[in-house]
Amino acid sequence: MFNILVVEDDRNTRTLIKAVLENEKYTVFTAENGILALEVIDKEHIDLVVLDIMMPKMDGYELTKTLRKSDEFLPILMVSAKQQPDDKKQGFLVGTDDYMTKPIDQDELLLRIKALLRRARIANERKIVVGEVVIDFDTLTVSRGSEVQELPQKEFLLLYKLLSYPGKIFTRIQLMDEIWGADSNTGWETVTVHIGRLRKRFEHFEEFSIESVRGLGYKAVKKI
């Protein structure tokens with residue numbers, strides 16, 4: 001089962017999160033601040049970190065930056081009473097994968113953790129499997145049985161991004177920044193062209209589809 005580290009200086013909150021996670025059969029380690037958290041990580045294999053922001057000695061922002069230097073893919077979920085957009089933005093800038101505010105909704109916490117662990121598995125394996133379809137990051141290929149298609153890099157990255165977060169809507173600007181880079185001189189219309197190519201390539205696939213969300217952007221939908 002997964003090992004989760006809860007870093008929280010408030011004893012009651014720490015105890016609550018620990019109990020909720022253990023009830024779901026996770027193995028839970030705890031720490032009161034960032035310094036103690038790093039000591040735990042030195043000794044134990046940790047699959048995911050849940051951390052508060054406002055802590056003594058080393059706060060959540062600094063801990064996240066430190067963790068990112070050594071592990072690019074370790075899932076990190078910030079849980080904080082800080083609710084301002086700038087606080088959330090700072091969290092994502094230093095490297096958190098997700099951010100939720102207190103008071104904690106236990107069901108939401110569990111759903112977010114499950115989603116992060118699923119994405120981490122995809123990132124580590126560098127493959128997405130949808131039924132018989134395998135999207136392989138290392139070879140830029142999409143295969144189904146004996147059928148193998150090697151995609152141009154941008155098309156592949158676009159498909160991989162969408163299928164990593166099935167059901168999530170991405171705007172054209174988001175996809176443009178993610179795949180082509182924020183400094184690219186290419187217009188967002190390029191995203192539309194590449195989406196069209198992907199739809200044409202996989203129009204005979206029953207396992208997934210790429211759908212337009214009017215006025216917003218695109219999302220991938222798993223059909224099985």
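## Exercises on helix contacts

Lys154, Leu157, Leu158, Lys161 and Leu162 in α6 meet Leu175, Glu178, Ile179 and Trp180 in α7, where contact means heavy atoms within 4.5 Å. Their contact divides into six nonpolar, no polar and three charged residues; Ala, Val, Leu, Ile, Met, Phe, Trp, Tyr, Cys and Pro count as nonpolar, Asp, Glu, Lys and Arg as charged, and the others, Gly among them, as polar.

This is a predicted model, in which local features need pLDDT of at least 70 and side-chain atom pairs count only at pLDDT 80 or more, while totals for chains, interfaces and linings use all residues. Residues are numbered from 1 along each chain as its sequence is written, and side-chain values use heavy atoms, with hydrogens and water left out.

**Exercise 1.** Find how α6 and α7 cross.

*Solution.* Start with the helices, which are DSSP runs (H or I, at least four residues) numbered from the N terminus. The axes of α6 and helix α7 (residues 172-180) come within 10 Å and cross at roughly 125 degrees; axes are lines fitted to C-alpha atoms over the stretch in contact, and angles run from 0 to 180 degrees between N-to-C directions. That makes α6 oblique to α7, since angles under 35 degrees count as roughly parallel, over 145 as roughly antiparallel, 65 to 115 as roughly perpendicular and the rest as oblique.

**Exercise 2.** Check the span of helix α6 (residues 153-164).

*Solution.* The expected span is 1.5 Å times one less than the number of residues. For the twelve residues of α6 this gives 16 Å, and the end C-alpha atoms are 16 Å apart, which agrees.

**Exercise 3.** Describe how α3 and α4 are arranged.

*Solution.* The axes of helix α3 (residues 60-70) and helix α4 (residues 85-94) come within 8 Å, crossing at roughly 20 degrees. That makes α3 roughly parallel to α4. On the α3 side, the contact is made by Tyr61, Thr64, Lys65 and Arg68, and on the α4 side by Asp87, Gln90, Gly91 and Val94. These residues divide into two nonpolar, three polar and three charged.

Technical notes: Helix = DSSP H or I, 4+ residues; strand = E, 2+ residues; numbered from the N terminus.
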